[in-house]
Amino acid sequence: MAKSLPLLVFTILAKIAIAQSISTQMGARSGGMGFASSGSFDEWSLFNNPGGLGKIEQINAAFGLEVQSQLKGGNRMAAIFNHPLNWGTLSAGI
């Protein structure tokens with residue numbers, strides 16, 4: 001019983017905690033492809049395809065706004081900054 005208690009607590013917390021309820025995919029390029037961006041690598045890789053961050057070669061920043069005219073309060077904004085380093089890519093987004 002004592003060994004299964006942490007697993008039970010984790011399962012209950014994982015069921016209760018929902019990190020987010022909407023898609024985080026952003027960017028005009030991936031939006032134009034219907035957000036089929038699992039193989040793309042661009043400045044929006046942090047939101048669309050985190051594995052693509054390794055191919056970023058220049059410092060870049062991007063800002064985006066998605067307006068949902070038919071859904072009141074459904075507009076989304078995002079900002080991202082990427083800085084490639086020798087050992088990976090430093091990326092921050094909001």
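Me: What makes the three strands an open sheet, and in which order do they stand?
Reply: In this predicted model, the three strands form an open sheet in the order S1-S2-S3, with antiparallel pairing. Strands here are DSSP runs of E with at least two residues, numbered from the N terminus.

Me: Why is one side of S1 and of S3 left without a neighbour in the sheet?
Reply: Strand S1 (60-66) and strand S3 (89-93) stand at the edges, and each has a single partner strand, so one side of each lacks a neighbour. Neighbouring strands are turned by 15 degrees against each other on average, direction ignored; the axes behind such angles are lines fitted to C-alpha atoms.

Me: How do you know that S1 and S2 are joined?
Reply: Two strands pair if DSSP finds at least two bridges between them. Seven bridges join S1 to strand S2 (residues 76-84), so the pair meets that definition. Phe63, for example, has Ala79 in S2 as its bridge partner.

Me: Why are Met26, Trp44, Phe47, Ala62, Ala78 and Ile80 called a nonpolar core?
Reply: A nonpolar core is a set of buried (under 20% relative accessible area, 1.4 Å probe, protein chains only) Ala, Val, Leu, Ile, Met, Phe, Trp, Tyr and Cys residues joined through side-chain atoms within 4.5 Å. These six residues form the largest such core.

Me: What is Ala78 in contact with, leaving aside its neighbours within four places in sequence?
Reply: Contact means heavy atoms within 4.5 Å, and the partners of Ala78 include Met26, Trp44, Phe47 and Ala62, as well as Ile94.

Residues are numbered from 1 along each chain as its sequence is written. Local features need pLDDT of at least 70, side-chain atom pairs count only at pLDDT 80 or more, totals for chains, interfaces and linings use all residues, and side-chain values use heavy atoms, with hydrogens and water left out.

Conventions: Buried < 20%, exposed > 50% of the residue type's maximum accessible area, 1.4 Å probe, protein only. Helix = DSSP H or I, 4+ residues; strand = E, 2+ residues; numbered from the N terminus. Axes fitted to C-alpha atoms, helices over the stretch in contact; angles between N-to-C directions.
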